[in-house]
Amino acid sequence: MDETEFWELVDATREAAEGDPEEQADLLVDRLLLLDPELVLDFARHFEARYNRAYTWDLWGAAWVLLDGASDDAFDFFRCWLIGQGREVYEGAVHDPDSLAELIDDFDDEIDGDGEELGYAADEAYEQLTGTVAPDLGIPPAPAEPLGAPLDLENEAVLAERFPKLRERFRQE
């Protein structure tokens, strides 16, 4: 599976789920179950590589603004959700997290921002197909700390300066 096929699966399932991340995860498992187990592992590699790439302080700050706070776990689930938004949103956010203000239509923190189940879709499909747990994907491990310059996520002035568009559009203060 190449990168284009990966993003096509992500896009097709997001559109079919009408943006609901839990429904998207279920549809993704269904679609992956139609593939050869090796292709499921390819999908998992693409997903994991993008998940690791999104482990940055700036994206954590954007998640913090959108979710009105984001623990380690919440940021993990946010990165899964971000991948689930498709290539354009993902790449735009990785390049400039504040651009999420223009890249996403609406953001309901009750539904959006939590793609935990998306992170398990490939593992679930692989296990259903083979009866075994997915093997090591053979990709570089995630960084121990977020990439980039650390942010004081609890400092409103820092967040206001770094994410002016996100704060203006999504923070009701």
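This is a predicted model: local features need pLDDT of at least 70, side-chain atom pairs count only at pLDDT 80 or more; totals for chains, interfaces and linings use all residues.
Residues are numbered from 1 along each chain as its sequence is written, and side-chain values use heavy atoms, with hydrogens and water left out.

The protein chain contains ten helices and zero strands, where helices (H or I, at least four residues) and strands (E, at least two) are DSSP runs numbered from the N terminus. The C-alpha trace spans about 50 × 35 × 25 Å along its principal axes. Of the 173 residues, 45% count as buried; here buried means under 20% relative accessible area, exposed over 50%, and partly exposed in between (1.4 Å probe, protein chains only).

Nine salt bridges were counted, each defined as a side-chain nitrogen of Lys or Arg within 4 Å of a carboxyl oxygen of Asp or Glu. One of them joins R50 to E3, with the closest N and O atoms 3.0 Å apart, and this pair links distant parts of the chain, R50 lying in helix 3 and E3 in helix 1, 47 residues apart. R50 is buried at a relative accessible area of 11%, while E3 is partly exposed at 27%. Both residues belong, together with R87, to a network of salt bridges. Helix 3 covers residues 37–53, and the C-alpha atom of R50 lies 9.5 Å from that of V94, although 44 residues separate the two in sequence.

Within helix 1, D11 forms a salt bridge with R14, the closest N and O atoms being 2.9 Å apart; the two residues are separated by about one helical turn because they are three residues apart in that helix. D11 is partly exposed at 24%, whereas R14 is buried at 17%. A further salt bridge connects R167 with E156 at a closest N and O distance of 2.8 Å, and since R167 lies in helix 10 (residues 164–170) and E156 in helix 9 (residues 156–162), the pair ties together parts that are eleven residues apart in sequence. R167 is buried, at 16%, and E156 is partly exposed, at 34%.

Most residues other than glycine have a negative phi. E18, in the loop between helix 1 (3–16) and helix 2, has a positive phi of about 50° although it is not a glycine, and is exposed at 75% relative accessibility. D68, in the loop between helix 4 (57–67) and helix 5 (72–84), likewise has a positive phi, of about 55°, and is exposed at 58%.

E18 is also one of the residues in a patch of negative charge on the surface, which includes D20, E22, E23, D114 and E127. Helix 2 (21–32) and helix 8 (121–130) are the elements that give two or more residues to this patch, and helix 2 gives the most, with four residues. E127 lies in helix 8 and is partly exposed, with a relative accessible area of 42%. Such patches are made of residues with over 30% relative accessible area and no salt bridge, like charges being joined within 9 Å and nonpolar side chains (Val, Leu, Ile, Met, Phe, Trp, Tyr) within 5 Å.

Notes: Accessible areas come from the Shrake-Rupley method with a 1.4 Å probe; for residues, only the protein chains shown count as cover. Lys and Arg count as positive and Asp and Glu as negative; His and the chain ends are not counted. The place of a charge is taken as NZ of Lys, CZ of Arg, CG of Asp or CD of Glu.
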